[in-house]
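Student: Let's go through this model, charged contacts to begin with.

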Amino acid sequence: MSTPVVQSGPRKLWDETEAAYRWWEEQGRPDFTRFGLTVGPDGQTPWLDLPNNPV
């Protein structure tokens, strides 16, 4: 049985949460040790496994 979710506001946060969960599952359910963050003058880039694999 599922519980209905009501979304309001400029973003559909539950839809985004479900999409993020699907992505995590498709990537093999990586734990936090596989993630990294590159910080530079142009901003921040999160990545999975290697810096050339941005999330």
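**Salt bridges, rings and strands**

Tutor: The side chains of Arg34 and Asp49 form a salt bridge, with their closest N and O atoms 2.7 Å apart. The cut-off for a salt bridge is a side-chain nitrogen of Lys or Arg within 4 Å of a carboxyl oxygen of Asp or Glu. This pair links distant parts of the chain: Arg34 is in the loop between H1 and E1, and Asp49 is in the segment after strand E2 (43-48), 15 residues apart. Helices (H or I, at least four residues) and strands (E, at least two) are DSSP runs, numbered from the N terminus.

Student: What kind of model is this, and how are residues numbered?

Tutor: It is a predicted model, in which local features need pLDDT of at least 70 and side-chain atom pairs count only at pLDDT 80 or more, while totals for chains, interfaces and linings use all residues. Residues are numbered from 1 along each chain as its sequence is written, and side-chain values use heavy atoms, with hydrogens and water left out.

Student: What does the chain average in pLDDT?

Tutor: The average is 95, and 100% of the residues score at least 70. pLDDT is the predictor's confidence in each residue, from 0 to 100. By element, E1 has the highest mean (98) and H1 the lowest (96).

Student: How many salt bridges in total?

Tutor: The count is 3. Arg11 pairs with Glu16, their closest N and O atoms being 2.5 Å apart, and Glu16 is partly exposed at 34%. Arg29 meets Glu25 at 3.5 Å, N to O, with Glu25 partly exposed at 35%.

Student: Now the rings. How many aromatic pairs?

Tutor: There are 2 aromatic pairs. In one of them, the ring centres of Tyr21 and Trp24 are 5.6 Å apart and the planes are at 45°, so the pair is tilted. The rule is that rings of Phe, Tyr and Trp (its six-membered ring) pair if their centres lie within 6.5 Å; planes under 30 degrees apart count as stacked, over 60 as edge-to-face and the rest as tilted.

Student: Where do Tyr21 and Trp24 sit in the helix?

Tutor: They are 3 residues apart in helix H1 (residues 13-26), separated by about one helical turn. Tyr21 is partly exposed at 46%, and Trp24 is partly exposed at 26%.

Student: And how are the rings of Trp23 and Phe35 placed?

Tutor: Their centres are 6.3 Å apart and the planes are at 45°, so that pair is tilted. It links distant parts of the chain, Trp23 in helix H1 and Phe35 in strand E1 (residues 35-40), 12 residues apart. Trp23 is partly exposed at 29%, as is Phe35 at 34%.

Student: Which residue is the bridge partner of Phe35 in E2?

Tutor: Leu48. E1 and E2 run antiparallel and are joined by 6 bridges; strands count as paired if DSSP finds at least two bridges between them. The two strands form a hairpin with 2 residues between them.

Student: What comes just after H1?

Tutor: Gly28 takes a positive phi there, about 90°.

Conventions. Buried < 20%, exposed > 50% of the residue type's maximum accessible area, 1.4 Å probe, protein only.
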